[in-house]
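Reader: Hi! Could you walk me through a few features of this one?
Author: Happy to, let's take it topic by topic.

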Amino acid sequence: MATPILRWCCPGRRWVFAGIGSVFRHGRGVPTGSTSSGKRGQSTVAQQPLITAQKPRKGEREWAAVVGLEIHAQIASNSKLFSGSQVDFAAPPNSLVSFFDASLPGTLPVLNRRCVEAAVMTGLALDCHINRRSLFDRKHYFYADLPAGYQITQQRLPIAVNGSLVYSVCVGKRQSQMVTKTAGVKQIQLEQDSGKSLHDSLRSQTLIDLNRAGVGLLEVVLEPDMSCGEEAAAAIRELQLILQALGTSQANMAEGQLRVDANISVHNPGEPLGVRTEVKNLNSARFLAKAIDYEIQRQINELENGGKILNETRSFDYKLGCTVPMRDKEGKQDYRFMPEPNLPPLLLYDSGSLPTGTDPQQVINIDQLREQLPELPRVTREKLVQQYGMLPEHSFALLNEVGLLEFFQNVIKETRAEPKKVTSWVLNTFLGFLKQQNLAVSESPVTPSALAELLDLLDRKAISSSAAKQVFQELWRSKGKTPAQIVAEKKLELMQDAEALEQLCRSTLEAHPQVVTDVKKGNPRAINKLIGLVRRATLGRADPTVIKEVLERQLSS
């Protein structure tokens, strides 16, 4: 049986399923002899590779994928949403639990002002309508890490609605062209987090840590406006940058501060949307993209083989690179939503509706928060492109790494080198060393001042580009030394004696008559060989451009 291959055209929102070298039944793309049990989680078609296609061929079937995201972002706050307990990721288990977090009888919620401000600022940054009046609800479900048996959230009337998230996706063969896309923001709501269950399989027991119980969350619900994993990952990265710029969330996915649920379905263009599945708790943009693309492909494979997509919750096994079933969602779970009786409606104001004589500490002024909004990532990127003439993808790279933009700007302030050269060194050499060593920008042994001094040496032709790379390597190893000291110790400065260079070039020509003959016959590689020989004689201390000029002058005389 031929191997079925899924052709992936993203961001064109077209998925085409084909059987390569096989016979299709009724043009549906089902290879002869293929079968499917149609049972839950038992697809007979394995995960297949993704390749791109511009246009479906005869016998191929088109598919459209629809992806929506629900994002839970932990609010950057010193205390929890409804209690005074401290928030600390690294704290010992159950050391930051108040009576309210443990749901002891008689305890009442007290709303955290900081969390409300974070929700409003996030809504403003995403062009949402901020509801002047929002409500809290109880969402009931029973699990060991939720002592109260319900979660306080905003189901009926959330704090912000009807916004948009603008993000960019790289396309093209070299991933250099940026396409701007928009995902609608359905709503942003405040809710409390649950605790954490730690499953110990060796002892056959589950341990509960309630440190996270009650931590404030922003749930950002995106409309199903995406069509593949790459788009979803780009949208999440952009939202992550926005939250970090606002200071409303640290959005560190590795620490669970940003968790994503993806809702995925496929259908034939022009037909009703298909049955969707939900992939829960994705904690990295890379895994998000992989999980979505795998799930789209799994659903298409299942349907093409006569199977049925079940409305179910799945998880992503990153080791196997596939999604696996968790539980059915065929019967809608009854959360028994009800108004939260211990919290009144949340009222917000603007400058025009602010009651006279009101204590500013007791109300939230939307206009005041709007004035405090910092520059958003997309504006920063536009400025970088305009100010320094860098490529759009370079502006994305500078913002995607925490602290890298600040490092770049500090180098720019202290060097006379052109911005393009600074960009190249920061993104290629500096960032490359960081990734090799798995270090953050803040942990770099090379400071902006040291790199600026090195680029100045290179700019005034005191050293060659190859010598500059040697100096950078030494800076990385020898913290405390300056580039000038390393150049002096290693004797890496460029040769300034023009007469001595003339003599070296002449000697090289005399010692290699055959190479000289090749140059005169028009062999373009021969001159490079001569340059290399002279550079070796100068221990790399001569500028290749100057060497070439001297050699060409001597050869023509």
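Reader: Which residue forms a salt bridge with aspartate 193?
Author: Arginine 259 does, with the closest N and O atoms 3.1 Å apart. A salt bridge here is a side-chain nitrogen of Lys or Arg within 4 Å of a carboxyl oxygen of Asp or Glu. This is a predicted model, where local features need pLDDT of at least 70, side-chain atom pairs count only at pLDDT 80 or more, and totals for chains, interfaces and linings use all residues. Residues are numbered from 1 along each chain as its sequence is written, and side-chain values use heavy atoms, leaving out hydrogens and water.

Reader: Is aspartate 193 buried or exposed?
Author: Aspartate 193 is buried, as is arginine 259. Buried means under 20% relative accessible area, exposed over 50%, and partly exposed in between (1.4 Å probe, protein chains only).

Reader: How many salt bridges are there by this rule?
Author: The count comes to 20. Among them, aspartate 137 pairs with arginine 156, the closest N and O atoms being 2.4 Å apart.

Reader: And why does aspartate 137 count as buried?
Author: Because its relative accessibility is 1%. Arginine 156 has 46%, so arginine 156 counts as partly exposed.

Reader: New topic: which residues in α5 are buried?
Author: Pro377, Thr380, Arg381, Leu384 and Tyr388. Helices are DSSP runs (H or I, at least four residues), as are strands (E, at least two), numbered from the N terminus.

Reader: What comes after α5?
Author: Glycine 389, with a positive phi near 65°.
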